[in-house]
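My plan was to go from the overall form to single residues.

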Amino acid sequence: MLAVNYTNLRDNMKSYMDKVTDGYETMIVTRKNNKNVVMISEESYNNLMENIYVMGNKANYDWLMESKRQLEAGEAARHDLVGVEADG
């Protein structure tokens with residue numbers, strides 16, 4: 001996680017934005033009166049929102065944890081993909 005003050009961010013905006021997007025960094029932008037903000041990439045934000053959605057539903061969470069348990073217990077199976085013919 002990076003931390004930068006507002007003035008430094010403003011003077012070096014492109015460089016810091018590249019670090020956030022290309023380096024998958026999270027950045028805290030410090031401001032007066034402790035009114036700090038956090039900068040993350042759109043990709044990280046979308047992943048965060050998806051995780052909140054999935055984990056926020058008890059049925060989804062339980063299903064995911066059971067699947068994880070099965071995988072870790074070696075109860076997973078491999079299957080070949082079956083092709084689907086397009087309607088013509």
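What percentage of the 88 residues of the chain count as buried? I looked it up: 9% of the 88 residues do. Buried stands for under 20% relative accessible area, exposed for over 50%, and partly exposed for what lies in between, with a 1.4 Å probe and protein chains only.

**Ground rules**

I am reading a predicted model, in which local features need pLDDT of at least 70, side-chain atom pairs count only at pLDDT 80 or more, and totals for chains, interfaces and linings use all residues. Residues are numbered from 1 along each chain as its sequence is written, and side-chain values use heavy atoms, with hydrogens and water left out.

**Overall form**

I listed the elements next. The chain has four helices and three strands. Read from the N terminus, the order is β-α-α-β-β-α-α. These are DSSP runs numbered from the N terminus: helices are H or I with at least four residues, strands are E with at least two.

Along the principal axes, the C-alpha atoms fill a box of roughly 55 × 40 × 25 Å.

I looked at contacts too, meaning heavy atoms within 4.5 Å. Of the contacts with a separation of 6 or more, 26% join residues 24 or more positions apart.

**Charges and salt bridges**

I counted charges with Lys and Arg as positive and Asp and Glu as negative, leaving out His and the chain ends. Each charge is placed at NZ of Lys, CZ of Arg, CG of Asp or CD of Glu. There are 10 positive and 14 negative charges, and their mean positions lie 16 Å apart.

How many salt bridges does the structure hold? I found six. The criterion is a side-chain nitrogen of Lys or Arg within 4 Å of a carboxyl oxygen of Asp or Glu. I followed up some of them.

- Asp18 pairs with Lys14 at 2.6 Å, N to O. Both sit in helix H2 (residues 13–22), and they are about one helical turn apart because four residues separate them. Asp18 is partly exposed at 28% relative accessibility. Lys14 is exposed at 60%.
- Arg69 pairs with Glu75, with the closest N and O atoms 3.3 Å apart. Both ends are partly exposed: Arg69 has a relative accessible area of 38%, and Glu75 has 47%. Shared partners join Glu66, Arg69 and Glu75 into one network of salt bridges.
- Asp11 pairs with Arg10 at 3.9 Å, N to O. Arg10 is partly exposed, with 45% relative accessibility.

**Asp11 again**

I stayed with Asp11 for a moment. This residue belongs to helix H1 (residues 6–11). Asp11 counts as exposed at 54% relative accessibility. I also took its distance to Leu48, 37 residues away along the chain: the C-alpha atoms are separated by 29 Å.

**Positive phi**

I searched for positive phi outside glycine. Tyr24 has a phi of about 50°. Its place is the loop between H2 and strand E2 (27–30). Tyr24 is exposed, with 54% relative accessible area.

Asn34 also came up, with phi near 55°. Which loop holds Asn34? I traced Asn34 to the loop between E2 and strand E3 (37–39). With a relative accessible area of 65%, Asn34 is exposed.

**Gly74**

My last entry is Gly74, in the segment after helix H4 (58–72). Is Gly74 buried or exposed? Gly74 is exposed, at 58% relative accessible area. I compared its position with that of Lys35, 39 residues apart from Gly74 along the chain. The C-alpha atoms of Gly74 and Lys35 are separated by 48 Å.
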